[in-house]
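Subject: The structure we talked about, with notes

Dear colleague,

Please find the structure just below, followed by some notes on what turned up in it.

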Amino acid sequence: MKLVFAGTPEVAVPALDALIASERHDVVAVVTRPDAPSGRGRRLVSSPVAERAEESGIEVLKPAKPRDGEFLARLREIGPDCCPVVAYGALLPRVALDVPVHGWVNLHFSLLPAWRGAAPVQHAVMAGDEMTGAATFQIEEGLDSGPVYGVLTEHVRPTDTSGDLLTRLAFAGAGLLVATMDGIEDGTLKPVAQPAEGISLAPKITVEDAQVDWAAPALRVDRVVRACTPAPGAWTVFRGERLKLIQLGLLPDRTELAPGVLAVGKNHVYAGTGSHDLELLWVQPQGKKPMRAADWARGVRIAPGEQLGAEAS
């Protein structure tokens with residue numbers, strides 16, 4: 001089939017690579033979000049998908065909105081058979097959905113109808129799901145509600161961050177997306193409507209959502225930190241400044257500390273929660289690089305009874 005691929009972040013690149021490498025399909029153009037400011041200089045940079053397409057000599061379309069007339073005219077001119085999508089980042093209007101013969105087919109990183117929305121992997125980790133996966137489905141105007149072509153499953157490991165899990169799903173999902181294109185092309189694959197039960201939503205995780213509540217059980221605190229790593233980054237407050245939490249260790253047999261209260265050992269830093277204590281393994285102080293929590297604690301010289309989450313007086 002003649003394909004126009006839509007995607008923006010790094011997580012979409014494995015699927016683009018797999019489709020480019022496919023001998024049965026031809027990626028003739030890529031749709032991605034416009035260049036965005038990045039770094040301290042706020043210089044405009046292309047998306048990872050745009051960079052990979054340009055390296056491969058593929059036409060890149062960067063509409064401000066996918067209903068822009070110039071973009072729609074070019075899409076109709078190309079006349080794609082199908083438009084595979086991975087994390088494009090913009091809602092597609094009906095006028096765009098109707099252009100390709102076989103519509104737009106999205107690779108979504110959950111087992112639909114669970115975790116419809118922008119942050120399915122983060123919500124799966126935060127909820128403590130033991131199993132998740134990816135699904136390809138026909139995009140319609142509802143939120144991730146279209147009929148499903150295929151699925152794959154993936155175990156959520158006890159120490160997985162969202163970044164770990166998303167990387168595995170991106171590469172496994174690339175194969176699923178190619179297989180879906182194959183099945184659509186040869187007519188062997190028909191989408192099946194999603195069940196009406198089991199629907200859950202996965203809205204974008206905000207910076208406010210990523211603030212740790214030390215009165216919550218330790219398992220909840222650990223899940224929030226893993227779900228928000230690498231983005232937006234779980235955090236707490238220490239001496240009036242934000243402290244990013246990167247990695248924790250569960251200590252189910254230790255219950256010595258009140259919620260948020262810190263204790264420092266020779267090479268360990270402990271924090272109390274609403275249940276049992278946690279060990280801080282990696283943190284990132286405001287304006288500094290990530291560091292081992294023990295090195296951070298030696299530098300700030302934590303006093304007895306100091307705690308995390310306490311606002312500056």
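I begin with a pair of helices: the axes of helix α5 (residues 120-127) and helix α7 (residues 218-227) come within 8 Å of each other and cross at roughly 165 degrees. Axes here are lines fitted to C-alpha atoms, for helices over the stretch in contact, and angles run from 0 to 180 degrees between N-to-C directions. That angle makes α5 roughly antiparallel to α7, given that angles over 145 degrees count as roughly antiparallel, under 35 as roughly parallel, 65 to 115 as roughly perpendicular, and the rest as oblique. The crossing of these two helices, α5 and α7, is right-handed, a word used if the near helix is turned clockwise from the far one by less than a right angle, with left-handed for anticlockwise. On the α5 side, Gln122, Val125, Met126 and Ala127 meet Arg220, Arg223, Val224, Arg226 and Ala227 of α7, where contact means heavy atoms within 4.5 Å. By class, this contact of α5 with α7 has five nonpolar, one polar and three charged residues; Ala, Val, Leu, Ile, Met, Phe, Trp, Tyr, Cys and Pro count as nonpolar, Asp, Glu, Lys and Arg as charged, and the others, Gly among them, as polar.

Before going on, please keep in mind that this is a predicted model, in which local features need pLDDT of at least 70 and side-chain atom pairs count only at pLDDT 80 or more, while totals for chains, interfaces and linings use all residues. Residues are numbered from 1 along each chain as its sequence is written, and side-chain values use heavy atoms, with hydrogens and water left out.

As for the whole protein, its secondary structure comes to eight helices and 15 strands, which are DSSP runs numbered from the N terminus (helices H or I, at least four residues; strands E, at least two). Its C-alpha atoms fill a box of roughly 70 × 45 × 30 Å, taken along the principal axes. Of the 313 residues, 49% count as buried, where buried means under 20% relative accessible area, exposed over 50%, and partly exposed in between (1.4 Å probe, protein chains only). Among contacts with a separation of 6 or more, 64% come from residues 24 or more positions apart.

Within α1, the residues Val13, Pro14, Ala15, Leu16 and Leu19 are buried, and what covers them includes β1 (2-7), β2 (26-31), α2 (48-55), β6 (83-86) and α6. Val178, which lies in α6, is itself buried at 14% relative accessibility.

Which residues does Gly133 touch, leaving aside its neighbours within four places in sequence? Gly133 sits in strand β8 (residues 131-138) and is in contact with His108, Phe109, Ser110, Leu111, Leu152, Thr153, Glu154 and Leu169. Gly133 is buried, with a relative accessible area of 0%.

A search of the whole structure finds zero disulfides, a disulfide being a pair of cysteine sulfur atoms within 2.5 Å. The sulfur of Cys83 is 6.5 Å from the closest cysteine sulfur, in Cys82, which is too far for a bond.

Finally, some details of the backbone. Most residues other than glycine have a negative phi, and most peptide bonds are trans. A cis peptide bond joins Thr229 and Pro230, with omega about 10 degrees, and another cis peptide bond joins Ala231 and Pro232, with omega about 0 degrees. Pro230 is in the loop between α7 and β10 (234-238), and Pro232 lies in the loop between α7 and β10. Trp115, although not a glycine, has a positive phi of about 55 degrees and is found in the loop between β7 (104-108) and α5.
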